[in-house]
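Hi,

Here is the structure I said I would pass on.

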Amino acid sequence: KKEPEKFREELRRHAREEFGRVVRERIQKWQAERRARFLEWLAKNAPDEADELAKLKERSPDLYGRKYELVSKKYGRIYNESRRNPELAEVLLEDLRLQKKRDQLLGKIHATKSRREKGALTKELEEVISDRYDLIVTRKQIAYEWLLKRLEELQNRIKESRAEIRRARDADVKAENIDKRKQDLLTEKKRFNWD
């Protein structure tokens with residue numbers, strides 16, 4: 001009561017601290033939920049990676065954090081697409097598997113000395129490259145179809161907007177809207193959006 005300004009400042013400081021704490025708690029909760037959903041998805045779609053992460057979590061939390069970030073970067077887009085576009089997510093996941101197989105085959109080809117084994121591995125590499133090519137084309141097809149759908153939506157919005165402008169330019173509609181706006185201003189009711 002003696003120093004109301006000092007009291008208000010102390011109250012503001014306390015409120016800022018409390019607000020900051022609440023915001024941090026909510027962000028941490030959201031991040032934990034998101035991480036749990038991602039790990040659940042990972043266990044279904046890349047069980048080897050999920051198992052490796054689980055083992056690291058028990059042994060070395062620091063290493064777990066770094067590995068989680070790497071796995072998140074590797075699979076993050078696929079996880080996000082699995083929620084928006086499951087078909088695309090499947091294509092991306094298969095593409096990742098084929099890339100891994102390609103890299104393994106290249107390592108074996110470079111390491112082997114046998115011409116026969118190199119020939120067999122090269123033939124297998126050609127099949128992997130062919131499969132990956134087909135996946136890339138499928139991914140482009142999915143993107144093309146999404147663009148067509150988006151274009152159709154935009155064209156519909158353009159038609160609606162054009163029709164709305166034509167109606168608004170009609171002399172009778174103009175007079176009616178002006179009259180409604182005048183009534184709104186006089187009675188302080190809002191009907192037509194003038195902004």
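For the charged pairs, I call something a salt bridge when a side-chain nitrogen of Lys or Arg sits within 4 Å of a carboxyl oxygen of Asp or Glu. With that rule, the count comes to 20 salt bridges. Keep in mind that this is a predicted model.

Lys-44 and Glu-40 pair up through their side chains, with N to O at 3.9 Å. Both belong to helix 1, and they are 4 residues apart, about one turn of the helix. Lys-44 has a relative accessible area of 64%, so it is exposed.

The side chains of Lys-67 and Glu-49 form a salt bridge at 3.7 Å, N to O. Lys-67 is in helix 3 while Glu-49 is in helix 2 (residues 47-59), so this bridge ties together parts that are 18 residues apart in sequence. Glu-49 counts as buried because its relative accessibility is 13%, and the cut-off for buried is under 20%.

Then there is Asp-95 with Arg-139, where the closest N and O atoms are 3.6 Å apart. This one links distant parts of the chain: Asp-95 comes from helix 4 (residues 86-111) and Arg-139 from helix 5 (residues 115-169), 44 residues apart. How accessible are the two partners? Asp-95 is buried, at 6% relative accessibility, whereas Arg-139 is partly exposed, at 27%.

Some of the bridges share partners, too: Glu-49, Glu-52, Lys-67 and Lys-74 are joined that way into one network.

Now the helix packing. At what angle do helix 1 and helix 3 pack? Helix 1 (residues 4-45) and helix 3 (residues 61-84) pack at about 80°, and their axes are 10 Å apart. Angles of 65 to 115 degrees count as roughly perpendicular, so that is the label for helix 1 and helix 3.

On the helix 1 side, the contact includes Arg-34, Phe-38, Trp-41 and Leu-42. Helix 3 brings, among them, Tyr-64, Tyr-68, Val-71, Tyr-75, Ile-78 and Tyr-79. By residue type, the contact of helix 1 with helix 3 divides into 10 nonpolar, 4 polar and 5 charged. The charged ones include Arg-35 and Arg-37 from helix 1, and Glu-69 and Arg-83 from helix 3.

Cheers

Definitions and conventions
Residues numbered from 1 in each chain as written. Predicted model: local features only at pLDDT ≥ 70, side-chain atom pairs only at ≥ 80, totals over all residues. Heavy atoms only, no water. Axes fitted to C-alpha atoms, helices over the stretch in contact; angles between N-to-C directions. Helix = DSSP H or I, 4+ residues; strand = E, 2+ residues; numbered from the N terminus. Parallel < 35°, antiparallel > 145°, perpendicular 65-115°, else oblique. Contact = heavy atoms within 4.5 Å. Buried < 20%, exposed > 50% of the residue type's maximum accessible area, 1.4 Å probe, protein only.
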